Amino acid sequence: MAMKVKVVKKLKGAVFTPTTGNTAFANAIIKSLDELSKERKAWEMGAYKKSNEGLYSLMAHSLDVFSAKFMTGTDDDRKTLRLELSSRLRADNIKVQRNTTTLTMFVRFIFQSDRKRAHGYQYVLKAAISHGVPSIKLAEWLAEQGGLEEVRRKMIVSEKALKNQADRAEAVDKVKANAELALINPMASVQLDVPVKYGEYAVMVGKPDESGVISIIAVLCNAEANVVDAIYKRIGKERLEDDTESASIAAEMKGLKPSTEAANDPVKQQLAA
């Protein structure tokens with residue numbers, strides 16, 4: 001059955017119209033995914049949860065379609081496919097957003113599973129792609145890694161670690177930028193009565209009292225760049241923790257505020273009476 005041509009607006013008002021080639025590309029992949037979806041149904045009705053063999057086979061075929069077909073297409077090919085996948089998934093009452101990855105769409109299309117399970121399979125396939133695992137070796141690789149759940153767990157931990165690393169780097173960049181601005185308008189200026197030679201940086205150790213007054217109790221006159229950089233990182237970590245805590249508190253307070261719907265809820269009103 002020929003696929004209906006869809007139109008989507010690009011930025012700056014341009015209109016994207018899939019070509020015959022784009023449509024053929026999308027149709028071929030949709031056909032492969034339909035076949036895999038049928039295999040999935042047969043697996044669930046047969047040895048579902050009794051053996052990983054069928055699941056690993058489905059995962060391998062999914063990886064093959066994604067790597068050998070989807071990733072080799074042009075941008076317009078992939079865009080056309082995403083339009084059709086989105087349409088088909090929404091028709092099955094599966095929520096799809098503009099930022100939903102195509103790999104996630106593949107998994108939802110084939111397995112028709114809940115969001116959590118789909119994301120688990122998506123993590124596994126993403127890990128296999130990042131490690132350069134060919135589809136024919138996927139089952140063997142999964143067994144070596146301890147199975148699907150272990151690969152999923154490692155991938156989630158890895159992504160969280162990368163995000164934390166990026167957040168820390170951004171926090172340090174902000175500290176350094178503020179430090180450069182402070183050269184023009186320093187937080188404070190101190191004239192010491194010690195005749196010493198200073199280097200490019202000097203690090204002061206301060207002792208704050210209960211009123212917030214900081215007494216300088218020691219000075220490193222020739223602080224090396226790595227020492228200053230370590231301090232910047234520590235300041236960045238502290239600022240990041242403060243920002244995270246503030247955001248958490250704000251989110252919590254927002255959730256505790258009574259909404260208009262809650263105020264009009266007769267059950268809520270009865271409890272408040």
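## Salt bridges in this model

There are four salt bridges in this structure, each meaning a side-chain nitrogen of Lys or Arg within 4 Å of a carboxyl oxygen of Asp or Glu. Side chains of opposite charge can pair when their charged atoms come close.

Keep in mind that this is a predicted model, where local features need pLDDT of at least 70, side-chain atom pairs count only at pLDDT 80 or more, and totals for chains, interfaces and linings use all residues. Residues are numbered from 1 along each chain as its sequence is written, and side-chain values use heavy atoms, with hydrogens and water left out.

## Arg88 and Asp34: a link between helices

Arg88 pairs up with Asp34, and their closest N and O atoms sit 3.0 Å apart. This one ties together distant parts of the chain: Arg88 belongs to helix 3 (residues 75-91) and Asp34 to helix 1 (residues 20-45), 54 residues apart. Helices here are DSSP runs (H or I, at least four residues), numbered from the N terminus.

Both partners are partly exposed, with a relative accessible area of 29% for Arg88 and 27% for Asp34. That label sits between buried (under 20% relative accessible area) and exposed (over 50%), using a 1.4 Å probe and protein chains only.

## Lys233 and Asp229: one turn along

Over in helix 8 (residues 225-256), Lys233 and Asp229 are four residues apart, so about one helical turn separates them. Their side chains meet in a salt bridge at 3.8 Å, N to O. Asp229 is partly exposed, at 24% relative accessibility.

## Glu140 and Lys137

Glu140 and Lys137 also join their side chains in a salt bridge, with 3.7 Å from N to O. Glu140 is partly exposed at 44%, and Lys137 is partly exposed at 42%.

How values were computed. Helices (H or I, at least four residues) and strands (E, at least two) are DSSP runs, numbered from the N terminus.
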